[in-house]
Amino acid sequence: MKQRNCIGILFRKELKRFFSDRRAAFTTLLLPGLLIYLLYSVMGGALTSQFAAEPETEKPAVRVIGLPASLQAPLHAAFSVETASAAALQDEQQAVREHETALLAVFPDGFDAAVASYDPAAGQPAPNVALYYNSTDNDSAIAFETMNALLETYESGLANRFDVNRGDGGFDLADDRDLSGQFFSMMMPMLLMIFLFSGCVSVAPEAIAGEKERGTIATMLVTPMKRSHLAIGKIAALALIALLSGLSSTVGTVLSLPKLMAGATDSVSVGFYGVTD
């Protein structure tokens with residue numbers, strides 16, 4: 001028997017065995033692409049909801065002692081501000097402990113004038129703002145972080161000598177293809193593992209172990225053909241099946257990418273990738 005005939009017969013036999021088993025054909029060729037499409041679509045929806053802008057909530061209640069004129073507008077924009085007197089300091093602190101107030105901010109008298117006249121080279125301590133909060137209260141902790149960031153922004157703006165990347169100019173020189181390539185390179189190891197297990201590992205053991213269980217391996221080994229012909233015929237058939245399974249997984253991945261990338265980033269696009277890619 002010629003080598004080409006032996007390999008061709010084994011190749012057709014292996015394909016016939018595989019496609020005659022509807023369950024194996026479904027789980028190998030259709031199920032991987034379907035599962036990947038569903039999985040990535042769900043992930044894209046979850047990412048979209050996670051990164052979507054949250055609806056506006058009620059501003060945290062903040063009590064302020066000695067509110068300076070320079071900070072009235074930014075504080076009222078970020079918080080629900082109520083002023084208090086210095087004589088009621090202990091009562092206001094107790095309100096923060098009992099979760100009645102999210103934050104208590106105490107500014108020194110003459111804050112704006114003290115800031116304007118402060119000279120770091122003089123060695124005198126800078127005007128100090130006391131922020132009282134309750135770390136066991138999530139709203140209070142968030143209010144503290146927000147107030148602290150607001151004050152740091154205000155402090156840096158007092159000595160603003162230059163800007164970095166001001167305006168909406170294109171300072172990031174990476175193009176869309178580079179951004180998409182970076183995104184896909186992070187996904188590729190996981191995709192390769194999925195493709196290998198769904199397309200190769202699931203069908204390869206059946207090629208030899210299945211023949212042994214069915215009792216047909218002994219008949220094949222006594223036929224007048226080389227062992228290499230047997231291996232080549234089975235490997236060629238399994239390679240075709242694995243390619244078909246990989247194609248199914250690829251189609252599922254490509255169809256789910258728009259939903260997945262909608263939640264991940266707006267800068268990733270597959271418009272410049274073709275079939276060869």
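**Notebook: a first look at the fold**

I began with burial: 31% of the 277 residues in the protein are buried. Buried here means under 20% relative accessible area, exposed means over 50%, and partly exposed lies in between (1.4 Å probe, protein chains only). I kept in mind that this is a predicted model, where local features need pLDDT of at least 70, side-chain atom pairs count only at pLDDT 80 or more, and totals for chains, interfaces and linings use all residues. Residues are numbered from 1 along each chain as its sequence is written, and side-chain values use heavy atoms, with hydrogens and water left out.

**Entry: overall make-up**

I looked up the secondary structure and found 10 helices and four strands. These are DSSP runs numbered from the N terminus: helices are H or I with at least four residues, strands are E with at least two. Along the sequence the pattern reads α-α-β-α-β-α-β-α-β-α-α-α-α-α.

Next I checked the surface. The protein exposes about 18,100 Å², and carbon and sulfur atoms supply 60% of it. The area comes from the Shrake-Rupley method with a 1.4 Å probe; for residues, only the protein chains shown count as cover.

I also looked at contacts, meaning heavy atoms within 4.5 Å. Of the contacts with a separation of 6 or more, 70% are between residues 24 or more positions apart.

**Entry: the sheet**

In what order do the four strands form their open sheet? I read the order as E2-E1-E3-E4, with mixed pairing. Strand E2 (80-84) and E4 are the edge strands, and each pairs on one side only. The twist averages 20 degrees from one strand to the next. Two strands count as paired if DSSP finds at least two bridges between them.

I then went through the pairings of E3. Strand E1 (residues 61-65) and strand E3 (residues 103-106) pair in the parallel sense over four bridges. Val-62 stands opposite Leu-103 in E3, and Arg-63 has Leu-104 as its bridge partner there. E3 and E4 also pair over four bridges, in the antiparallel sense. Val-106 has Ala-130 of E4 as its bridge partner.

Both faces of E3 are covered. Leu-103 and Ala-105 are buried on one side, Leu-104 and Val-106 on the other.

**Entry: helices on the sheet**

I looked for helices against the strands. Helix H4 (residues 89-97) lies across E1, E2, E3 and E4, at about 150 degrees to E3. H6 packs on the sheet too, touching E1, E3 and E4, and its direction makes about 165 degrees with that of E4. Axes are lines fitted to C-alpha atoms, for helices over the stretch in contact; angles run from 0 to 180 degrees between N-to-C directions.

**Entry: the cores**

A nonpolar core is a set of buried Ala, Val, Leu, Ile, Met, Phe, Trp, Tyr and Cys residues joined through side-chain atoms within 4.5 Å. How many residues does the largest nonpolar core have? I noted 19, with Leu-75, Phe-107, Leu-131, Met-147 and Leu-151 having the most contacts inside it. E1, E3 and H6 are the elements that give two or more residues to this core. H6 supplies the largest share, five residues.

I followed Leu-75. Not counting residues up to four places away in sequence, Leu-75 touches Leu-67, Val-81, Phe-107, Met-147 and Leu-150. A second, separate core has nine residues, including Leu-15, Val-203, Ala-237 and Ile-241.

**Entry: aromatic pairs**

Rings of Phe, Tyr and Trp (its six-membered ring) pair if their centres lie within 6.5 Å; planes under 30 degrees apart are stacked, over 60 edge-to-face, the rest tilted. By this rule I have three aromatic pairs. Phe-18 and Phe-19 are edge-to-face, 5.2 Å centre to centre with 85 degrees between the planes. Phe-18 is buried at 4% relative accessibility, whereas Phe-19 is partly exposed at 41%.

Tyr-133 and Phe-144 are stacked, at 4.0 Å and 15 degrees. Tyr-133 lies in strand E4 (residues 130-133) and Phe-144 in helix H6 (residues 138-158), so the pair ties together parts 11 residues apart in sequence. Tyr-133 is partly exposed at 38%; Phe-144 is buried at 18%.

**Entry: Pro-127**

I ended in the loop between helix H5 (111-117) and E4, where Pro-127 sits. Pro-127 is partly exposed, with a relative accessible area of 28%. Leaving aside neighbours within four places in sequence, Pro-127 contacts Pro-108, Phe-111, Ala-114, Val-115 and Tyr-118. The C-alpha atoms of Pro-127 and Phe-107 are separated by 8.5 Å, with the two residues 20 apart along the chain.
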